[in-house]
Amino acid sequence: MIEQDTLRVSRRRFLQTTSAAAALGALSGMPFGLSKAYAASAAVADGEYLQASHWGAFWAKIEKGRFVSLRPWEKDPRPSPQLLGAWDQVYSPTRIRYPMVRRAWLEKGPGAAPETRGAGDFVRVSWEKAFDLVAGEIKRVQTDFGPWGIYTGSYGWGPIGRVGNPQTMLKRLMNLTGGSVVSSSNYSKAGIEAIMPYVVGSIDAEGPQTSHQTILDNTDLIVFWACDPLKNNQISAAIPDHGEYGWFEAMKKAGKKAVFIDPVRTEGCKMLGAEWLPVRPHSDVALALGMAHTLLTEDLHDKEFLANYTAGFDAFAQYLRGEKDGTPKTAEWAAALCELPADTIRDLTRRLTKGRSMLVSGWTPQRQQYGEQFPWAFVTLAAMVGQIGLPGGGFCQRYHLDNAGTPSANAPGLAGSLQIGKRKEIKPWPKEKGTTSIPCARVVDMLLNPGKTYQHNGSTYIYPEIKLCYWAGGNPFHHHQDRNRMVEAWAKIQTFIVQDFQWTATARHADIVLPATTSVERNDIERVGVVARKAIVAMKQLIDPVFESRNDYDIFVELAKRLGVEPEFSAGKSELDCVREIYEDALKQATAKKIPMPDFDTFWNKAGVVEFATPDSAVRRTKYADFREDPVINALPTATGRIEIYCKAIEKMGYDDCPPHPTWLEPSEWLGQANRKFPLHVNSNHPQYRLHSQLNGTKVRELYAVGGREPCRINSADAAARGIKSGDIVRVFNGRGQCLAGAVVSDDIRPGVIELQEGAWYDPAEPGKPGTLCKYGDPNVLTPDIPTSKLGQATSAHTCLADVELYKGTAPAVTVFDTPKDA
């Protein structure tokens, strides 16, 4: 069955797949190996070594200098099928082998023939030539235009490890040479990051949350609202501990009552036998307001909590009653927008107050137009229920990432290395040249509109004019919206430098490409569990760099030499020196706290891992308990010290797209429009078997691809109306773009919605041509590039309508996973 094979993989199948990987690794005839011209160090002796990835810790088997197979670390309770990619990405055909330069740029200079970007016409050059070209371009632009002509807003998850973060290194290098334009916030949760500091005084959706055990002990009803913990906790910025699965198993055993509000019936919903409420996308704020109105009019709201712990509820209550706009936000009003029965809305609302309830949200609803409104309405709803700060009650905005409900071990902190540092003022930065930082989701606006003013979080800024862009450890041609508009904007750049280990669409659009190493080809260090803090792993270099790839650290050291700042950049440290420094800082903390840890040499050369005990006292944790106990002494860092339901600071900004209290604002594009141009909502949610775009270029793709394309999940009724069946190649299209995909017909997605998960690599049939067909299935050829609001300036990727049709004729071959010609 295609749906089963495409959307989930059993543990048995995963182990079978990794066994096959062992054979493939051992038998591969591909000529990958050490460049004679460069080697960071000798490879380790044959054997198994503990290693780490964004998908889990694993034992890497090394034979004759090659990484031939892997097996999951035995302390991982639920290894992810994605782990296979940690092996395959090393030897994948997508691997960048040599320094390359776009032919037109090399022959005719910066800015030449930008329409040939993405066409794969590259020339191989030596590392010396590549370093000279990159350093020369940085000097040229700094001299001719100033640091405001360089954008180093490199963004993305990048490689794992505390030392080898190329984005930090790039910003450090540029700050030592006079600075550059950088970016702020992220594509993941910029809406929450914009609004929550005004509402609760912090981003909130970060760090430890109310613990899982506290939920098991106290919660009667848990509501997962656009939240998929089982899928998203497979990955982590550090090494995932995968403890979320045990929590779900414990909830199932305990018979916990759960409700999932989501256009998709998730695996977590099925596992718990939970109630599924297939809400219409983009109507979450309306649903929250309808529930809030029910609490208010049925006198179920906690008046004492609202009086003592919140500010501005009376003004919000007037809005709920419709006293100013003439529209009471009743359950019937909400039902018409969200397509859930009014009785269901009222029933769920009442159940929240009949026992201890926990509201759990994901981040999808804030990645849409007016996205700041949902997290604000969500917290306001929880405040009206009145259980914030009680064990097992209140709200959480992070259970879907980093296993944030797990107890934290008694472990030292683990710092980073080579801090960005302050900008060295070589040229004064004139205000008229633009801001030093932009919201990351506005990069295309910046490139298309130099000199234009824009509003952000209460202030006015100017977009700078960018001549050179340097990207390291990220993939903007995956994570940014409206791909065709992006291609147009990228033509404005004179020089685009990309530093990566694989031929992503971003690398294919570069002028200069620098091949970096993967984690098994460098030395680093990382912890298991962002919140769990269970262990620290020695990420020892296991093989020599393949072909001519180099460590990011070594690349930047060489560039720093050419730019005259190497002593300041490296401080005389090697990559391994940086690893040692991080570990010994942790060791110093551990010694002070009497936490046992070996010295660095024992850790690095013998142990390979240090594990830490979790005290019983850490098992139970309630977020906002101190605030509830005493809202004066433990006041929140907001203007009033309370949860701000009405915010006077936002009121003063006067933004028409972000009112001073949670508000329903109809989006410009959604299923509720009577005269909409396209009939289906595109749900470009987080992928099941990738970390965004990472691993799409590996054999992991074989676990889910349909007809060699990205899977497109579609409801059976919508499929039947279009003559589509599982396995068919379909064309997904709207006024912004078009792509091919492989159909997966399923009733686990509501009618009117299709799922095309983000992270699929962009594969244009005719690179540079406006509106060209993406042959593989990048959803961002369809999504709009509009901000959430002037407050957050975040992405609105989920404000997207399209249509699907059966693709007739012979589908063009997917080529984005092949090595470019002459590369």
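1. A quick definition to start: two strands pair if DSSP finds at least two bridges between them. Helices (H or I, at least four residues) and strands (E, at least two) are DSSP runs, numbered from the N terminus. Please keep in mind that this is a predicted model, where local features need pLDDT of at least 70, side-chain atom pairs count only at pLDDT 80 or more, and totals for chains, interfaces and linings use all residues. Residues are numbered from 1 along each chain as its sequence is written, and side-chain values use heavy atoms, leaving out hydrogens and water.

2. Strand E30 (residues 801-806) is joined by two bridges to strand E24 (residues 680-683), and they run antiparallel. Leu 680 has Ala 802 of E30 as its bridge partner.

3. Now to a helix pair. The axes of H12 (residues 284-297) and H15 (residues 331-338) lie 8 Å apart, at an angle of about 165 degrees (axes are lines fitted to C-alpha atoms, for helices over the stretch in contact, and angles run from 0 to 180 degrees between N-to-C directions). H12 and H15 are therefore roughly antiparallel, a label for angles over 145 degrees.

4. Finally, a look at Ala 491, in the loop between helix H20 (483-490) and strand E18 (495-500). Pro 114 is 377 residues away from Ala 491 in sequence, yet their C-alpha atoms are 5.2 Å apart. Ala 491 is partly exposed because its relative accessibility is 36% (the class between buried, under 20%, and exposed, over 50%, with a 1.4 Å probe and protein chains only).

Methods
Parallel < 35°, antiparallel > 145°, perpendicular 65-115°, else oblique.
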